[in-house]
Amino acid sequence: MFMLKNVRISYPSLFKPSAFGDEPPKYSATFLIEKGSDTHKALKAEILRVATDAFGEKAKDILVRQDAGQRKLLKDGDTADGLTQEGEPKTGWAGHVAIKASSKLPPKVVNRKREPVSEEDGIPYGGCYVNAQIDIWAQDNKFGRFINCKLLAVQFWADGEAFGSARADIDAFDAAEDDMDQASGW
């Protein structure tokens, strides 16, 4: 298990699995890590450790091949990795690397007090800060040799500017003083 602390979450699919392309539906999230940060360095070291344990002296070659292909593990937000299909920069990706973690099983999702949360609680959301438990693991089978990332748990940590759309602010509404029938005139 590897812990990502105080990172931004993007594309969270934590309560309902999502399918991409022909893949079966999975729970997933992408985590944005500041380039050059201690977390970024520790994550790279963990990826190399897992690859070396699994593949020995071929580890670096396998990681280079994976990085050059479709299954890139760490994506660079300042390159084409950080662009949408329309060629626009992905919100929040500049200056960061991104790692996507997924699982067939639902991850544990909790608040700052480690209490379970549900989708109706509105957290976590794309753009907020989270702590995340992930598992970096080596695949070595008929489908190839890769390093993968499994999603285990996510803890909402702090609010951040929402990606994609603004969060609702219920306090911005006026409170009604009359019941609806009187206000509408019916």
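Is C128 buried or exposed? C128 is buried, because its relative accessibility is 0%. Buried means under 20% relative accessible area, exposed over 50%, and partly exposed in between, with a 1.4 Å probe and protein chains only. C149 is buried too, at 7%.

A word on the source. This is a predicted model, where local features need pLDDT of at least 70, side-chain atom pairs count only at pLDDT 80 or more, and totals for chains, interfaces and linings use all residues. Residues are numbered from 1 along each chain as its sequence is written, and side-chain values use heavy atoms, leaving out hydrogens and water.

Next, helix α2, residues 59-68. Helices (H or I, at least four residues) and strands (E, at least two) are DSSP runs, numbered from the N terminus. A59, I62 and Q66 are buried in α2. They sit on the same side of α2, because they cover an arc of only 65 degrees around the axis, taken from the directions from the helix axis to the C-beta atoms. On the other side, K60, D61, V64, R65 and A68 are exposed.

Now salt bridges: a Lys or Arg side-chain nitrogen within 4 Å of an Asp or Glu carboxyl oxygen. The structure has seven. One of them joins D78 and K35, at 2.8 Å, N to O. That pair links distant parts of the chain, 43 residues apart. D78 is partly exposed at 45%, and K35 is partly exposed at 30%. Another joins E46 and R49, also 2.8 Å, N to O. About one helical turn separates them, because they are three residues apart in α1.
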